[in-house]
Amino acid sequence: MGKYFGTDGFRGKAGVDLTAAHAFQIGRFLGWYYGGRLGKPDARIVIGKDTRRSSYTYENALAAGITASGADAYLLHVTTTPCVSFITRTENFDCGVMISASHNPFSDNGIKLMNAIGEKMDDAMLAELEEYIDGSPASLPWATGADIGKTVDFYSGRNRYIGYLTNLATRSFEKHRVGLDCANGSAWMIGRSVFDALGAKCVVINDQPDGVNVNAACGSTHIEGLQQLVRERHLDVGFAFDGDADRCLAVDERGEVVNGDQIMYLCAKFMRDHGQLPDNTVVTTVMSNFGLYKALDRLGIGYEKTAVGDRYVYENMKEFDHQIGGEQSGHIIFRKYAHTGDGLITAIMVMGVMIETQLPLSALAAGCTMYPQVLKNVKVDDKAATMADPAVQAQVAACTAALGDGGRVLLRPSGTEPVLRVMAEAGTDAECEAQVDAIIAAMERSGHLLEVKKK
């Protein structure tokens, strides 16, 4: 990760960590990079945004910077991150930009950059951009006269994306009652449009964005409202998205949450059974639940483990030609259809499995039981030194041996904070707590522990 851009873009508190000046600089660099540096007189960059109030500021600043450098800015307006990815790769744009802080509160915002095929931007280009933000070079050439770029209203791109999604479904949804929680975010129009077009009897909540209510006690990070809706309205299934709709979690007909691990399990099983999983592999992160691995073992389906972040999941999938991967949080990538996590595609795939098997979601997810988990964040004097300490390593090994095939422990550094994350999964919460506390005690005895941070 760089100084400004992490695994999921440049993100921070709007107007403080991420300012309109930053957005203008990013636009200036992108316009120059794809226009002047690469010698494309007709460079085109497409921009989407979520519903945060600050997104309008960044949209205007980015477009101003892009056009001032001689490239054209195409505005999708409010749309999803996967829509920007899809339009970038299918409409021959040089670059895609999404303005969103995903599942974060409205006071945060972010800028995500995508390459010409809708993948997250490569590190080399981001490093050069960060150098420019920090003043090197001190200036870039300004476009003048007829070379100044133009801003194009490209709302029609959203309709093309909606058409693409509706064509992915092989059966009508007309017999199903479906709840959608759009998180007052990017999916607030697209979600209903897709499910209505596919014939579902939809009940939609949190589709009234006002600029400050995105993710506010709703969506995939606060799924309780959707659970209540499914139970009270006797729906067949519910889907909850986050602010930019690249995540999706589900609720079964009983009102129980079906998380990203369980979604990967049931989709991978269906794909395997129907000859759609030629590699017989699911790509996970190290934070996927132990229950997923036990369930995949029972099915004879293999798995990869990457660092946390859907970027790393996608890179592994691309390198080894895997077809499905994701995170427990609901970032699920179906690589045949998208180059990023797409909450709406995930919902369509789950609906497809339900319709083809004629089974309720509860039955489809039943084979993947989540193990209890305890996760504690501990502040230490030095993350690397703590992890390398022989006494800490010995305690991790002892905990691993004690759990055997009945659980696991994991010690990993945070990518954004001076903390280590200590996690255990086992048969009971008490057993998880005991193993986590044993590892933390080893850190304290070794003199590394500064503080156990509350979530």
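Colleague: Is Tyr74 buried or exposed?

Modeller: The structure is a predicted model. Residues under 20% relative accessible area count as buried. Tyr74 has a relative accessible area of 11%, so the residue is buried.

Colleague: What kind of aromatic pair do Tyr74 and Phe154 form?

Modeller: A pair of aromatic rings is described by the distance of the centres and the angle of the planes. The ring centres of Tyr74 and Phe154 are 5.6 Å apart. Planes over 60 degrees apart count as edge-to-face. Because the planes of Tyr74 and Phe154 stand at 90 degrees, the pair is edge-to-face.

Colleague: How many residues apart in sequence are the parts that the pair of Tyr74 and Phe154 ties together?

Modeller: Tyr74 belongs to strand β4 (residues 72-78). Phe154 is found in the loop between β7 (151-153) and α5, so the parts tied together are apart in sequence by 80 residues.

Colleague: Is Tyr303 buried, partly exposed or exposed?

Modeller: Tyr303 forms a tilted aromatic pair with Tyr293, with 4.7 Å from centre to centre and 45 degrees between the planes. Tyr293 is buried, at a relative accessible area of 3%. For Tyr303 the relative accessible area is 30%, and this residue is therefore partly exposed.

Colleague: How are helices α5 and α11 oriented, roughly parallel or roughly antiparallel?

Modeller: The axes of α5 (residues 156-168) and α11 (residues 343-357) come within 10 Å and cross at roughly 20 degrees. Angles under 35 degrees count as roughly parallel. The orientation of α5 to α11 is therefore roughly parallel.

Colleague: Which residues of α11 make the contact with α5?

Modeller: From α5, the contact involves Tyr161, Tyr164, Leu165 and Leu168. The residues of the contact comprise 8 nonpolar, no polar and no charged. On the α11 side, the contact is made by Leu344, Ile345, Ile348 and Met349.

Conventions: Residues numbered from 1 in each chain as written. Predicted model: local features only at pLDDT ≥ 70, side-chain atom pairs only at ≥ 80, totals over all residues. Heavy atoms only, no water. Axes fitted to C-alpha atoms, helices over the stretch in contact; angles between N-to-C directions. Helix = DSSP H or I, 4+ residues; strand = E, 2+ residues; numbered from the N terminus. Parallel < 35°, antiparallel > 145°, perpendicular 65-115°, else oblique. Contact = heavy atoms within 4.5 Å. Nonpolar A, V, L, I, M, F, W, Y, C, P; charged D, E, K, R; others polar. Phe/Tyr/Trp six-rings, centres within 6.5 Å; stacked < 30°, edge-to-face > 60°. Buried < 20%, exposed > 50% of the residue type's maximum accessible area, 1.4 Å probe, protein only.
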